[in-house]
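Please open the model in a viewer and keep the selection panel at hand.

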Amino acid sequence: MAHRVTGVLIFFFLFVHVLDTALVRVSPEAYDDVVATYKTPIVALLEYGLVAAILFHALNGLRVVAVDFWSKGPRYQKQMLWTVMGIWIVLMAGALYPVLGHAARVLFGS
Ligand code: HEM
């Protein structure tokens, strides 16, 4: 279920991202306005959510591939899920500063 939700979320993001990038040819001024809103803390939080969804989908996707194609996959699927969650938490902690650092400086000063 989480795999499906994150897959659809990433697809939706790519859809919006193609539209916002296409705007640069229609109206460069409107494009600049839209991109300026991406520097706000709310969008930074959404970006962190996007990182969370992509990382989970990618890692869990590899687990699904292992369960489907590795003969011992089904036996180890629970251990692999915990491994995925562990790697995901470490990577999410690593993404905290790069993704939310700017927003934190805007909100709380540097
Ligand atoms: C890092 C690369 C990715 C990997 C390893 C990966 C892996 C997978 C796997 C193995 C499945 C099948 C799940 C199942 O049969 O239960 C799947 C489903 C799906 N993926 Fe990905 N994926 C990746 C990137 C993406 C991206 C970039 C998108 C969106 C544009 C996406 C959207 C979806 C969607 C919508 C599904 C269907 C989910 C469902 O019907 O349950 N995936 N992915």
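Select α1 and the ligand: α1 contributes the most to the shell around the ligand, with seven residues. Helices here are DSSP runs of H or I with at least four residues, and strands are runs of E with at least two, numbered from the N terminus. The model is predicted; local features require pLDDT of at least 70 and side-chain atom pairs count only at pLDDT 80 or more, whereas totals for chains, interfaces and linings use all residues. Residues are numbered from 1 along each chain as its sequence is written.

Next, display the whole shell. Of its 13 residues, R4, G7, I10, A58 and G61 come nearest to the ligand; a residue is near a molecule if its C-beta atom, placed from the backbone, lies within 6 Å of it. The elements that supply two or more residues to this shell are α1 (2-26) and α3 (41-69). By class, the shell holds eight nonpolar residues, four polar and one charged. Ala, Val, Leu, Ile, Met, Phe, Trp, Tyr, Cys and Pro count as nonpolar, Asp, Glu, Lys and Arg as charged, and the others, Gly among them, as polar.

Now select α1 together with α3. Their axes are 9 Å apart and the packing angle is about 130°; axes are lines fitted to C-alpha atoms, for helices over the stretch in contact, and angles run from 0 to 180 degrees between N-to-C directions. That angle makes α1 oblique to α3, since angles under 35 degrees count as roughly parallel, over 145 as roughly antiparallel, 65 to 115 as roughly perpendicular and the rest as oblique. On the α1 side, highlight A2, H3, T6, G7, L9, I10 and F13, which meet L50, A53, I54, F56, H57, N60 and V64 in α3; residues are in contact if their C-beta atoms, placed from the backbone, lie within 7 Å. This contact of α1 with α3 has nine nonpolar, five polar and no charged residues.

Move on to α1 and helix α2 (residues 28-37), whose axes come within 6 Å and cross at roughly 145°. D20, L23 and V24 of α1 make the contact with P28, A30, Y31 and V34 of α2. Its classes are six nonpolar, no polar and one charged.

Finally, select α3 and helix α4 (residues 77-108): the axes come within 9 Å and cross at roughly 160°. The two helices are therefore roughly antiparallel to each other. Their contact comprises 23 nonpolar, three polar and two charged residues.

Note on methods: Contact = placed C-beta atoms within 7 Å.
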